[in-house]
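This report covers aromatic contacts, a strand pairing and a pocket in one predicted model.

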Amino acid sequence: MEQDSRRLSAGLCDAGHVGVVDRDNTLRLALADSLVDGASRFYERWKEAEQLLSQTQGFTLDDEQLQQDWSAIVALADQKGKSLEQTHVFTLAHILRRPIIVYGVKMVKNFRGENLGLANFEGVYLPLLWESSFCSKMPIALGYTRGHFSALVSIIGSLESQDASMWLNTKSYDSHVTYLPLVNREGNLLPVHFLTELEVGNEEKLLNEYCDCHVTKGGTLVAKQEIPRWHQSALVTQLIDSWLEQYRGMDDPHTGSSAAQYDSDS
């Protein structure tokens with residue numbers, strides 16, 4: 001999982017519809033600074049979440065072990081190319097002041113398809129240390145699989161706002177609307193990470209506070225992601241056209257023919 005940090009940074013930029021690649025690891029640097037500057041607040045919430053998790057699994061963590069684990073998390077944030085953990089995603093939600101929804105596999109597998117361990121990234125990361133009024137309610141969506149993060153961005157035109165209205169009785173002609181499910185494939189609520197003991201059991205209340213939540217006619221809880229039409233900039237179109245041009249000029253390593261030749265032949 002050596003590329004987690006790079007892919008998480010790139011994935012967040014893509015999912016945030018910025019249309020840029022974070023080659024300078026700006027988010028990584030902001031992440032490291034935030035964990036140092038806000039160490040007391042992040043550590044206390046992380047510590048309580050870890051203790052609650054350990055209790056449900058039947059073991060306890062002493063203060064020395066917690067301090068060692070936290071030091072490792074902080075150190076990872078400042079090491080370019082090293083893998084990131086859930087705490088880092090939670091911190092990035094505070095840097096961006098936006099919810100981050102991660103959809104992911106349950107198990108991490110090797111190249112043989114064998115299980116290596118649980119992948120606990122899936123869930124919702126809310127900027128709980130900020131007042132909700134100070135945050136954007138438009139979530140960022142990421143996919144996590146095989147140690148990599150990928151941006152999940154809807155295709156404009158694939159689900160127009162008037163189609164979404166069939167589900168929710170809402171229409172928006174000045175923006176592109178996507179409804180992100182807050183449940184897994186079994187219909188269970190996605191985990192909301194890093195809750196305190198007082199917050200556990202109030203997940204839906206917190207989701208409604210930090211996200212623009214709706215319920216579909218089928219009863220599915222979703223978070224609304226709305227992008228103004230003007231945000232579909234010429235820069236993004238130019239980037240896509242540039243990528244397609246390069247793709248068409250690439251040679252197929254198996255046939256030696258270019259993608260453009262294949263397109264014309266087909």
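## Aromatic rings

Phe 42, Phe 90 and Phe 194 are joined into a cluster by ring pairs. Rings of Phe, Tyr and Trp (its six-membered ring) pair if their centres lie within 6.5 Å; planes under 30 degrees apart are stacked, over 60 edge-to-face, and the rest tilted. The count under this rule is 9 aromatic pairs. One of them is the tilted pair of Tyr 43 and Trp 46, with 5.8 Å centre to centre and 35° between the planes. Because they are 3 residues apart in helix α3 (residues 39-56), Tyr 43 and Trp 46 are separated by about one helical turn. Helices (H or I, at least four residues) and strands (E, at least two) are DSSP runs, numbered from the N terminus. Tyr 43 counts as buried at 10% relative accessibility, and Trp 46 is buried at 3%. Buried means under 20% relative accessible area, exposed over 50%, and partly exposed in between (1.4 Å probe, protein chains only).

Phe 121 and Tyr 144 also form a tilted pair, at 4.2 Å centre to centre and 40° between the planes. This pair links distant parts of the chain, 23 residues apart: Phe 121 is in the loop between β3 (115-118) and β4 (123-125), and Tyr 144 is in strand β5 (residues 140-145). Both Phe 121 and Tyr 144 are buried.

## Strand β5

Of the 6 residues of β5, 5 are buried. Strand β1 (residues 100-104) pairs with β5 in the parallel sense over 5 bridges; two strands pair if DSSP finds at least two bridges between them. Ile 101 stands opposite Ala 141 in β5.

Strand β6 (residues 148-151) pairs with β5 in the antiparallel sense over 4 bridges, and Phe 149 in β6 is the bridge partner of Tyr 144. β5 and β6 form a hairpin with 2 residues between them, and Arg 146 in the turn has a positive phi of about 50°.

## Largest pocket

The lining of the largest pocket comprises 38 residues, with Glu 50, Leu 53, Gln 86, Asn 120 and His 193 nearest its centre. On a 1 Å grid over the protein atoms alone, a pocket is an open set of points where a 1.4 Å probe fits, with protein on both sides within 12 Å along at least five of seven lines; lining residues have an atom within 4 Å of a point. Helix α3 gives the most to this lining, with 7 residues.

## Basis

Residues are numbered from 1 along each chain as its sequence is written, and side-chain values use heavy atoms, with hydrogens and water left out. In this predicted model, local features need pLDDT of at least 70 and side-chain atom pairs count only at pLDDT 80 or more, while totals for chains, interfaces and linings use all residues.
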